[in-house]
Amino acid sequence: MTPADETLLDLALSRALIDRSARERADEETVARALDDHRTRVLVVRGGRSPLLGTGEDVRLALRPPSAADRSRVPWFLGRHDGVAYLAVDEPGGVDDDRPAGGGHDGGWASLREVGADLDDLEVGLLTTATALQGWHARHGHCPRCGAATHVVQGGWVRRCPEDGSEHYPRTDPAVIMAVVDDDDRLLLATGTGWAPGRISVLAGFVEAGETMEAAVVREVYEEVGVRVTDLVFRGDQPWPFPASLMLGFRARATSTRLDPDPEEISEADWYTREQLAARLADGSRTLPARVSIARRLIEEWYGGELIEPASGRRP
Ligand SMILES: [Zn+2]
């Protein structure tokens, strides 16, 4: 890996002001104390979505004081900021997209993926962490050793098995994502099988057991399109809790350009000049990943500026 003396990318979901207060949450009374404190703010998560105030770039989370019903919901302790405790509660049920949220939530309900780029530094960290915890709790209710149902302890950061006493922690799966550029400064962009037609992005894949992130970059690019890469430069990382990834962003230089896409994973792959990419976005034949993604930031870093997709009428 080439040492980088340049500033890392400014990534939407890497912003977080919250102090996770890990020592405090280990105290089993922490959540109860926070529920008794009227200054505490509670983030509701329902079916992966949260209530909002406002819209567009003025959007905010509709945080509320604790309610009596929160006690039975096993709130998660997200941490503290300026002395205020922040909790999240996972409410059962879904959200009707077509109906206003009511209760003063004039911005309706949305997921992290939809509003992560517009929330402020404190709130995006709250929603990113709550989304990650929800995804973990929803999929890890049983002990991987004995199969018994586990209990939530330590403010939602541990699940404990009542049978064998084992403790289990939120999973985070590292994944690499890489802007591969050839010696003519063209960017490799591909469409995954199953994606919407015309959607293009940089390549990505999970780090395998026993593997370094650098080895994963080299392996994934070769597996997916048959291209060899070198000169890796780390460009930044951000959590991507859909459901449990940590995206590790790289730039890499291709030492070969012949594309041999794996038909199981890639339906189309091509090298793009800046002019070609701009033209295909302008005519609507190609679309990019959302602004909240590290993929978008890697593409825009190569491009040298923000990319606008006129078809959507607004930055996606
Ligand atoms: Zn067990």
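What distance separates the centres of domain 1 and domain 2, taken over C-alpha atoms? In this predicted model, the distance between the two centres is 31 Å. The domain assignment of the protein chain places domain 1 at residues 12-139 and domain 2 at residues 173-306. Where the two domains touch, 12 residues come from domain 1 and 12 residues come from domain 2. On the side of domain 1 that touches domain 2, helix α4 gives the most, with six residues. By class, that side of domain 1 has five nonpolar, five polar and two charged residues.

In soluble globular proteins, nonpolar side chains tend to be buried together. The largest nonpolar core of this model has 71 residues, and L87, I177 and M178 are those with the most contacts inside it. Helix α4, residues 121-139, supplies the largest share of this core, namely seven residues. Because domain 1 (12-139) and domain 2 (173-306) both give residues to the core, it lies between them. As for L87, its contacts, leaving aside neighbours within four places in sequence, are V31, A34, T40, V42, P75, W76, F77 and L78.

Helix α5 deserves a separate description. The helix runs over residues 213-225 and has 13 residues. From its first C-alpha to its last it reaches 18 Å, close to the 18 Å expected at 1.5 Å a residue. Which residues of α5 are buried? They are A216, V217, E220, V221, E224 and V225. These residues cover an arc of only 125 degrees around the axis, and therefore they lie on the same side of α5. The strands against which the buried residues of α5 pack are β10 (173-181), β11 (187-192), β12 (203-206), β13 (229-240), β14 (245-254) and β15 (266-272). After α5 comes G226, whose phi is positive, near 75 degrees.

Strand β15, one of the strands packed against by α5, also holds W271. Is W271 buried, exposed or partly exposed? W271 has 18 other C-beta atoms within 10 Å, whereas a buried residue needs 20 or more and an exposed one has 12 or fewer, so W271 is partly exposed. Not counting residues up to four places away in sequence, W271 touches D182, R186, L188 and T257. The chain also brings together positions that are apart in sequence: W271 and A190 are 81 residues apart along the chain, yet 8.8 Å separate their C-alpha atoms.

Methods
Residues numbered from 1 in each chain as written. Predicted model: local features only at pLDDT ≥ 70, side-chain atom pairs only at ≥ 80, totals over all residues. Helix = DSSP H or I, 4+ residues; strand = E, 2+ residues; numbered from the N terminus. Expected span 1.5 Å × (residues − 1). Arc of directions from axis to C-beta. Contact = placed C-beta atoms within 7 Å. Core = buried A, V, L, I, M, F, W, Y, C linked by C-beta atoms within 7 Å. Domains from an automatic or database assignment. Nonpolar A, V, L, I, M, F, W, Y, C, P; charged D, E, K, R; others polar.
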